[in-house]
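Please look over the sequence and the structure below before reading on. The paragraphs that follow lead through selected side chains and their surroundings.

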Amino acid sequence: MRRVRPGAAVSHEGAAASRGGSGPPKGTVARAAGSSAPAAGGAGGSATRAAGEERALTSVAAGDRYKGEQPRDLPRLWHVTLSVSGEEAPLKEVRRALEQLAHDHPFLLTSRYANDHAEIRYWEEARDLHDAAAVALRLWGEHRQTAGLPPWEIVGLEVIDRQTYHQRIAEGYGPPPATPVGAHPF
């Protein structure tokens, strides 16, 4: 599939090439017959093109920013609390499954469990809250078979950044720090 910037004309040779017909090789710019003007962004840097000439697309390299823009795409740490619940399961099986999940997912801090619900807390490194939440929402389902987790559903999710987590702890109203790492009964 060839992508062309909206408003830019596509030459018939370029359209034929994108459908497998004749025309310039993929990735090259089609030029009108007799035109010696480079395409926009070409070696000459000229924005002049002949009628029907295809415009080359450019992309922004990873890490490039506008002047003064803060680097938002750098990974940050997010504290995740995932709550699950469902039908009762034997406590021994729930504990063994949570311990296996901690082994499979090494960033798991602590988990608390009962025979019909559990809470998992861990740190996730992600670009933004949306990415951290997406990973958290997939965690239980993706590890259900490999860790032998109960068929429970996710009933709660909290994702906060590191600064907010530490601020809550300092003010005394956040969750207690997960000092005993591992799986513990409620």
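Throughout this text, a residue is called buried when its relative accessible area is under 20%, exposed when that area is over 50%, and partly exposed in between, with a 1.4 Å probe and protein chains only. This is a predicted model, in which local features need pLDDT of at least 70 and side-chain atom pairs count only at pLDDT 80 or more, while totals for chains, interfaces and linings use all residues. Residues are numbered from 1 along each chain as its sequence is written, and side-chain values use heavy atoms, with hydrogens and water left out.

A search of the whole structure finds seven salt bridges, a salt bridge being a side-chain nitrogen of Lys or Arg within 4 Å of a carboxyl oxygen of Asp or Glu. One of them joins the side chains of Arg76 and Asp161, with an N to O distance of 3.8 Å. This pair links distant parts of the chain, since Arg76 belongs to strand β1 (residues 76–85) and Asp161 to strand β4 (residues 153–161), 85 residues apart; helices (H or I, at least four residues) and strands (E, at least two) are DSSP runs, numbered from the N terminus. Arg76 counts as partly exposed because its relative accessibility is 39%, whereas Asp161, at 18%, is buried.

Another salt bridge connects Arg127 with Asp131, whose closest N and O atoms are 3.1 Å apart, and Arg127, Asp128 and Asp131 are linked in a network of salt bridges. Arg127 is partly exposed at 36% relative accessibility, and Asp131 is partly exposed at 28%.

Within helix α3, Arg138 and Glu142 are four residues apart and therefore separated by about one helical turn, and their side chains meet in a salt bridge of 3.3 Å, N to O. Arg138 is partly exposed at 41% relative accessibility, while Glu142 counts as exposed at 52%. His143 also lies in helix α3, which spans residues 129–147, but His143 is buried, with a relative accessibility of 16%. Leaving aside neighbours within four places in sequence, His143 is in contact with Leu101, Asp104, His105, Gly148 and Leu149, where contact means heavy atoms within 4.5 Å.

Tyr113 is found in strand β2 (residues 108–113) and is buried, because its relative accessible area is 6%. The side chains of Tyr113 and Arg95 are joined by a polar contact of 3.3 Å, a term that denotes a pair of N or O atoms within 3.5 Å, where within protein one must be able to donate a hydrogen and the other to accept it, and residues adjacent in sequence count only if both atoms are side-chain atoms.
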